[in-house]
Amino acid sequence: MQSLKNLKSLSSTSRVSNVQRLPRRKYATAPTERTAPFTATLIAGDGIGPEISVAVEKIFKAAQVPVTWEPVQVSASTGGVNNAVLESVKKNKVALKGPLATPIGTGHTSLNLALRKAFSLYANVRPSISIPGYKTLYDNVDLTVIRENTEGEYSGIEHNVQPGLAESIKVITSEASTRVAQYAFQYAHQHKRHTVAAIHKATIMKMSDGLFIDSCRKVAARWPHIKYVEKTLDATMLQLTQDPSKLDVMVLPNLYGDIVSDLCAGFIGGLGLTPSANIGKDAAIFEAVHGTAPDIAGQNKANPTALLLSGVMMLRHLGFYTKADSIHAAVMQTIREGKHLTGDLGGKSGTNEFTDAIISKLK
């Protein structure tokens, strides 16, 4: 890896220079508005998952989204990710997924990780955008975290060396790093973003994170109109808490992206307001990334916003831009008015009342 010699000079932030210029890949223009019906796999999940899934179904129906839902069950208690789930997602190409519980310390493989690996969902996309009228500590937040989703510390390779000593292996490949970097720049281009920042700790992990940065540099050379910067993880966390407006699109290895995306969600009000998409070559799964909240399950207290906005991301992914904009506007107006909010948003309304309020604002 010839570029690793240059990593000794990495500072917490640097501008790419003198990298090999590769032919810029050409992409088709945005697809025209889609109207044809489609089928999507629906994984309701655990805890509050079933009731927030029902809320999304009601809103999509009211918005006249031409979707047929194909429900499948995924749960650690029912054997995890079974063939029915895999065949459904493989056939439909898109899925909407509620929160899934994975028992801690019991040897169960993460169900979310199993789905990502099964469909090579290489990019996790988490936009964090301030909601007008919903006050948090930070105003005008507009960040997107694009996280490599298949390897890194979450490769699942770990073992006990001897009693009292466990070892976990971090895997970074040029193929996966290049793939997620390419998606980050493509996303920035399509969404008219100005800067992509590659976040790393190559100052310490010179070979693994060094390979990630080397891959990002090569991809950045194909997109000369988008500014590319590199920042260490610790410097990024500090800058985000001081002024999140200083950053735009971030691309990160798996573990770093997991941490930074939750931090960014906190800027806008929490995971209950944050959508998420997992993008692969042959399938995409859109999901709520908050917990299962078993303490309020079945009590008409759950907030469906994260799953609903993930559904909006799914609609835009498929080309239903008008439907997506209509639902998104109705959600924003409902939260901005503040009359029918769930308890986590500071209100006293239940899931059903919040859902009905959104439906009443659809245009």
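Predicted model: local features only at pLDDT ≥ 70, side-chain atom pairs only at ≥ 80, totals over all residues.
## Around the end of α9

Just after α9, G338 takes a positive phi of about 75°.

Helix α9 covers residues 321-337, 17 residues in total. From its first C-alpha to its last it reaches 24 Å, close to the 24 Å you'd expect at 1.5 Å a residue. Its buried residues are A324, S326, I327, A330, V331, M332, T334 and I335. An α-helix has 3.6 residues a turn, so residues three or four places apart point the same way.

Setting aside neighbours within four places in sequence, S326 is in contact with L362 and K363.

## How α1 meets α8

The crossing is right-handed. On the α1 side, the contact is made by I52, S53, V56, I59 and F60. On the α8 side, the residues are L307, L308, G311, V312, M314 and L315.

## α6 alongside α7

Helix α6 (residues 233-242) and helix α7 (residues 254-268) are another pair to look at: their axes come within 11 Å and cross at roughly 5°. The two helices are therefore roughly parallel to each other. In α6, the residues that meet α7 are L233, M237, L240 and T241. Their partners in α7 are Y256, I259, V260, L263, C264 and F267.

## α5, under cover

α7 turns up again as part of what covers the buried residues of α5. Helix α5 runs through residues 208-220, with 13 residues reaching 19 Å from first C-alpha to last, close to the 18 Å expected at 1.5 Å a residue.

How many of those 13 residues are buried? Twelve are, so α5 counts as mostly covered. The buried set is S208, D209, G210, L211, F212, I213, D214, S215, C216, R217, V219 and A220. Besides α7, the cover includes helix α4 (174-190) and the strands β9 (195-200), β10 (227-232) and β11 (249-252).

## Positive phi without a glycine

Back to backbone angles. G338 is a glycine with a positive phi, but Q64 has a positive phi of about 60° although it is not a glycine. You'll find Q64 in the loop between α1 and β3 (67-72). Is Q64 buried or exposed? Its relative accessible area is 61%, over the 50% cut-off, so Q64 is exposed.

N140 is another residue other than glycine with a positive phi, near 55°. N140 sits in the loop between β5 (123-129) and β6 (142-148). With a relative accessible area of 68%, N140 is exposed too.

Methods. Residues numbered from 1 in each chain as written. Heavy atoms only, no water. Helix = DSSP H or I, 4+ residues; strand = E, 2+ residues; numbered from the N terminus. Expected span 1.5 Å × (residues − 1). Buried < 20%, exposed > 50% of the residue type's maximum accessible area, 1.4 Å probe, protein only. Contact = heavy atoms within 4.5 Å. Left-handed = near helix turned anticlockwise from the far one by under 90°. Axes fitted to C-alpha atoms, helices over the stretch in contact; angles between N-to-C directions. Parallel < 35°, antiparallel > 145°, perpendicular 65-115°, else oblique.
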